[in-house]
Amino acid sequence: MPFKRPVLALLLAAAFAAPAAHAQEAKPGVTIYATGGTIAGAAKSNTDTTTYTAGSIGVQSLIDAVPELKDVATVSGEQIANLPSNDITQALLLRLAQSINRQLAEPGTHGVVVTHGTDTLEESAFFLDLTTSGSGKPVVIVGAMRPATAISADGPLNLLQAVSLAASRQAEGRGALIVLNDRIGSAFYTTKTNTTAVDTFRAAEQGYLGMFIGTEPRFYYSPALPTGKLRFDVAGMQSLPKVAIVYMHEDQDNEQIDAAIRAGAKGIVLAGNGNGSVPTVVKKRLEELTKQGFPVVRSSRTGSGFATKKEEGIGSGILNPQKSRILLMLALSQGADLARVRSYFNG
Ligand code: SIN
């Protein structure tokens with residue numbers, strides 16, 4: 001007897017029931033924290049990739065622009081700020097880290113993504129690396145070099161790759177990660193190296209941790225954390241001690257160092273010449289400050305390499321000036337004395 005149409009429909013539905021149920025399996029929960037930047041930037045023309053307004057588009061519009069996100073994760077968005085990254089403050093960073101830690105403690109959350117302007121992205125990413133991901137859950141920081149209105153905008157794919165990464169088991173236990181331009185970098189090491197190019201984020205010595213094949217993350221190595229990586233608890237903290245960065249050059253004197261101290265700096269980072277070197281007159285001042293227990297971290301303006309141990313002041317090790325400032329602020333926020341600060345940088 002021929003099947004009546006409804007019966008045939010039921011049989012067909014039953015035949016496809018297994019894959020359909022599989023397709024409906026709950027996706028990993030990923031929260032996107034939007035802070036602004038070029039990824040949320042808008043310009044008057046689609047060829048304008050330099051004079052746009054960063055931080056113009058809200059988190060829901062970023063999510064709506066990439067419907068494919070729902071294929072990889074159950075996504076929710078939170079607008080933490082909508083600023084150019086040059087206006088990110090330490091108060092905002094503390095609020096962001098505290099929100100992320102609360103979210104990561106939720107069993108339904110697999111990971112988080114932070115959208116951020118690229119100019120200071122490495123500073124926030126390094127801060128989050130040191131203050132979140134105690135659980136090993138993925139914390140992914142993503143930006144874009146072209147505004148959302150640009151022809152060939154890089155933001156949508158960067159965001160989809162970042163969410164795919166935050167939803168991936170492979171991303172666990174690696175510290176905070178930076179995603180741009182099909183690459184995965186360690187937030188501990190990665191820095192911005194070019195003013196306008198889309199392949200600007202690099203770690204000169206350490207390279208990338210992995211890449212994307214389409215939207216699928218592919219790591220080169222098993223999970224590992226950077227040598228000497230520390231973790232700071234910032235729960236309930238409202239502010240951090242002020243740390244200034246002073247740039248060294250030929251014929252530099254002590255005026256800016258002393259001005260920074262008068263203005264309330266509790267520590268100073270030098271963008272030193274070569275291996276954290278300074279003119280003799282500055283070295284003498286550093287000798288006095290070291291005797292007083294005042295921390296001066298000597299990093300390098302060269303852009304890569306290791307600033308070795310120093311008698312006068314503290315060699316920054318592998319950290320560039322902007323990352324050294326973040327670590328020094330966090331160290332001082334815990335009441336670390338000179339010996340402890342030295343161990344953090346030289347560890
Ligand atoms: C910014 O850092 O907010 C502007 C530049 C960028 O996101 O690429």
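Predicted model: local features only at pLDDT ≥ 70, side-chain atom pairs only at ≥ 80, totals over all residues.
Residues are numbered from 1 along each chain as its sequence is written, and side-chain values use heavy atoms, with hydrogens and water left out.

**Salt bridges**

A salt bridge here is a side-chain nitrogen of Lys or Arg within 4 Å of a carboxyl oxygen of Asp or Glu. By this rule, the model has 9 salt bridges.

| Salt bridge | N to O distance |
|---|---|
| Glu123 and Arg325 | 3.8 Å |
| Arg169 and Glu172 | 3.0 Å |
| Glu288 and Arg285 | 2.7 Å |

Helices (H or I, at least four residues) and strands (E, at least two) are DSSP runs, numbered from the N terminus.

How open are these side chains to the surroundings? Residues count as buried under 20% relative accessible area, exposed over 50%, and partly exposed in between (1.4 Å probe, protein chains only). Arg325 is partly exposed, at 23%. In the second pair, Arg169 is exposed because its relative accessible area is 64%, while Glu172, at 24%, is partly exposed.

Glu288 and Arg285 both belong to helix α9 (residues 280-291), where they are 3 residues apart, about one turn of the helix. Salt bridges with shared partners join Asp258, Arg285 and Glu288 into one network. Within it, Glu288 is partly exposed at 42%, whereas Arg285 is buried at 18%.

**A negative patch**

Glu250, Asp251, Asp253 and Glu255 form a negative surface patch. Patches are made of residues with over 30% relative accessible area and no salt bridge, like charges being joined within 9 Å and nonpolar side chains (Val, Leu, Ile, Met, Phe, Trp, Tyr) within 5 Å. Glu255 lies in helix α8 (residues 255-262) and is exposed, with 60% relative accessibility.

**A buried arginine**

Is Arg298 buried or exposed? Arg298 is buried, at a relative accessible area of 4%. This residue lies in strand β13 (residues 296-300). Contact means heavy atoms within 4.5 Å. Leaving aside neighbours within four places in sequence, Arg298 is in contact with several residues, including Leu270, Val278, Leu286, Glu312 and Ile314.

Notes
Areas by Shrake-Rupley, 256 points an atom, 1.4 Å probe, with all protein chains shown as cover. Lys, Arg positive; Asp, Glu negative; His and termini not counted. Charge placed at Lys NZ, Arg CZ, Asp CG, Glu CD.
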